[in-house]
Amino acid sequence: MGRRYYCDYCDKTFIDDLEARRKHLTSSHHIKLRKLHYEQHRDPRTVLAEESVKTICRRFIQHGECQFAGNCKYTHYSQEELLNLKQQIQLDDYEKQRKTRKVPEIPSLESWIEKYNQKHNKADKESDEVLTPWSYPEQLEFRSDLPPSLKKFKPDNFKDDDFDEWGA
């Protein structure tokens with residue numbers, strides 16, 4: 001018994017002979033099974049683009065199968081399956097956008113304090129202007145790890161305007 005050739009697509013073995021292999025590889029059964037195999041690994045976008053243009057196969061709808069299978073010029077996808085493909089593509093697009101979305105770079109608190117001190121030390125030496133101690137870059141408003149004493153004042157913080165009673 002000589003060497004044997006095994007075809008993964010057809011799950012079949014035969015004598016490894018040049019003529020036998022050529023005959024098998026050109027057979028319609030092998031070509032059909034190979035196409036079905038690669039059909040499973042196609043990109044959903046490609047499948048949706050190709051199948052949404054085709055009309056529905058009547059034979060597939062009536063009998064649940066079609067003798068042409070992967071070679072059929074009509075689609076074997078239902079409207080529901082095409083809708084699921086479309087939703088899958090949209091979900092993949094959303095995930096890609098979410099991963100590539102840039103988050104604004106927020107400086108570290110230490111670097112901001114250092115810049116703030118440098119700026120205000122220069123300002124103190126150059127002029128006698130009064131600087132508000134709560135002015136800081138807008139990027140710090142979005143930081144969630146700031147202690148309350150470093151957060152910017154908002155008008156809502158001053159609802160109680162009875163200043164005469166303060167410190168009493």
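Accessible areas were computed by the Shrake-Rupley method with a 1.4 Å probe, and for residues only the protein chains shown count as cover. On this basis the protein has an accessible surface of about 14700 Å², of which 52% belongs to carbon and sulfur atoms. The model is predicted: local features need pLDDT of at least 70, side-chain atom pairs count only at pLDDT 80 or more, and totals for chains, interfaces and linings use all residues. Residues are numbered from 1 along each chain as its sequence is written, and side-chain values use heavy atoms, with hydrogens and water left out.

The protein contains 6 helices and 2 strands, taken as DSSP runs numbered from the N terminus (helices H or I, at least four residues; strands E, at least two). Their order along the sequence is β-β-α-α-α-α-α-α. Of the 168 residues, 14% are buried (under 20% relative accessible area; exposed, over 50%; partly exposed in between; 1.4 Å probe, protein chains only).

H30 is located in helix 2 (residues 28–39) and counts as buried because its relative accessibility is 2%. Beyond its neighbours within four places in sequence, H30 is in contact (heavy atoms within 4.5 Å) with C7, Y9, C10, H24 and L25.

Helix 5 (residues 79–100) comprises 22 residues and spans 32 Å from first to last C-alpha, close to the 32 Å expected at 1.5 Å a residue (1.5 Å times one less than the number of residues). Its buried residues are L82, L85 and I89. Viewed down the axis of helix 5, these residues fall within an arc of 55°, so they line one face of the helix; the arc is that of the directions from the helix axis to the C-beta atoms. The buried residues of helix 5 pack against helix 3 (44–53), whereas Q79, E80 and L91 are exposed on the other side of helix 5.
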